[in-house]
Amino acid sequence: MGSAAPLSASVLLLLLLLLLLRAEQPRGAELTFELPDNAKQCFHEEVEQGVKFSLDYQVITGGHYDVDCYVEDPQGNTIYRETKKQYDSFTYRAEVKGVYQFCFSNEFSTFSHKTVYFDFQVGDEPPILPDMGNRVTALTQRFRGAYWKELDKMADYTQPGGTPATEGLGRLAPS
């Protein structure tokens, strides 16, 4: 009976540690849903002040593959609005804490329903490797070299009228 207490304490400690790790990770939801003609569907998510969130969506089937989409902050201010889009992405850093609402509308359509996919993410995605932004890798070095070679080739071309193709770009030195 004495060994059960340390085991349950270990399990409890492990669960607590997992909960703490999970709290620091971004959270989100993906959903594919049917949006009938003449209909609107809204979703809600609580977001803390200063936290980034993003919405990606795409119409998969129906009509001209288009929907209206808007996002409102907790005070009812529209912070994003697009009409008749097949797909789009929107990223925003919350200025106020509260429930943000994002809606998809097919109210302009009188006969075709749509199938809509969305991915809503809250929080900053951690880098794949720590301090990745400050590293120079073989791939970034190769890209920089190829970029400058192409820019030098462009300098040799001229536009109609005799002006160089790179005029106005200035000459930037590789860093």
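A residue counts as buried under 20% relative accessible area, as exposed over 50%, and as partly exposed in between. With 42% relative accessibility, D124 therefore counts as partly exposed, and the burial of the residues discussed below is judged on that scale.

## The model and its confidence

The structure is a predicted model, and its protein chain averages a pLDDT of 78, with 57% of the residues scoring at least 70. Among the elements of the chain, strand 4 (residues 67-72) has the highest mean pLDDT, 98, whereas helix 1 (residues 4-24) has the lowest, 56. Over residues 168-175 the pLDDT falls below 50, and this stretch makes nine contacts in the model beyond near neighbours in sequence.

## Overall architecture

The secondary structure consists of two helices and eight strands, and from the N terminus on the elements follow the order α-β-β-β-β-β-β-β-β-α. Of the contacts in the protein chain with a separation of 6 or more, 72% are between residues 24 or more positions apart. Of the 175 residues, 26% count as buried, while the accessible surface of the chain comes to about 12,400 Å², 57% of which belongs to carbon and sulfur atoms.

## Cysteines

The model holds one disulfide, which joins C42 to C103 with an S to S distance of 2.0 Å. The link of C42 and C103 is right-handed, with 110° about the S-S bond. Because C42 lies in strand 2 (residues 40-47) and C103 in strand 7 (residues 98-105), the pair ties together parts that are 61 residues apart in sequence. C103 is buried, at 0% relative accessibility.

C69 is itself buried, with a relative accessible area of 1%.

## Salt bridges

| Pair | Closest N and O atoms |
|---|---|
| R27 and E45 | 3.2 Å |
| D66 and K114 | 3.0 Å |
| R93 and D124 | 3.3 Å |

In the salt bridge of R27 with E45, R27 lies in strand 1 (residues 27-35) and E45 in strand 2, so the pair ties together parts that are 18 residues apart in sequence. R27 is partly exposed, with a relative accessible area of 35%, and E45 is partly exposed as well, at 24%.

The salt bridge of D66 with K114 links distant parts of the chain, with D66 in the loop between strand 3 and strand 4 and K114 in strand 8 (residues 114-122), 48 residues apart. Here D66 is buried, with a relative accessible area of 10%, and K114 is buried at 1%.

In the salt bridge of R93 with D124, R93 lies in strand 6 (residues 87-93) and D124 in the loop between strand 8 and helix 2 (138-156), so that the pair ties together parts that are 31 residues apart in sequence. R93 counts as partly exposed at 42% relative accessibility, and D124 also counts as partly exposed at 42%. Together with K52, the residues R93 and D124 are linked in a network of salt bridges.

## Two buried residues in strands

E72 is found in strand 4, the element with the highest mean pLDDT. Which side chain of opposite charge is nearest to E72, and how far away is it? That side chain is R81, 5.2 Å away, and E72 is buried yet has no salt bridge, the cut-off for such a pair being within 4 Å. Not counting residues up to four places away in sequence, E72 touches N77, T78, Y100 and Q101.

S54 has its place in strand 3 (residues 52-61) and is buried, with a relative accessible area of 14%. Leaving aside residues up to four places away in sequence, S54 touches F90, T91, D119, F120 and Q121.

Definitions and conventions
Residues are numbered from 1 along each chain as its sequence is written. This is a predicted model: local features need pLDDT of at least 70, side-chain atom pairs count only at pLDDT 80 or more; totals for chains, interfaces and linings use all residues. Side-chain values use heavy atoms; hydrogens and water are left out. A disulfide is a pair of cysteine sulfur atoms within 2.5 Å. Helices (H or I, at least four residues) and strands (E, at least two) are DSSP runs, numbered from the N terminus. Buried means under 20% relative accessible area, exposed over 50%, partly exposed in between (1.4 Å probe, protein chains only). pLDDT is the predictor's confidence in each residue, from 0 to 100. Contact means heavy atoms within 4.5 Å. Lys and Arg count as positive and Asp and Glu as negative; His and the chain ends are not counted. Accessible areas come from the Shrake-Rupley method with a 1.4 Å probe; for residues, only the protein chains shown count as cover.
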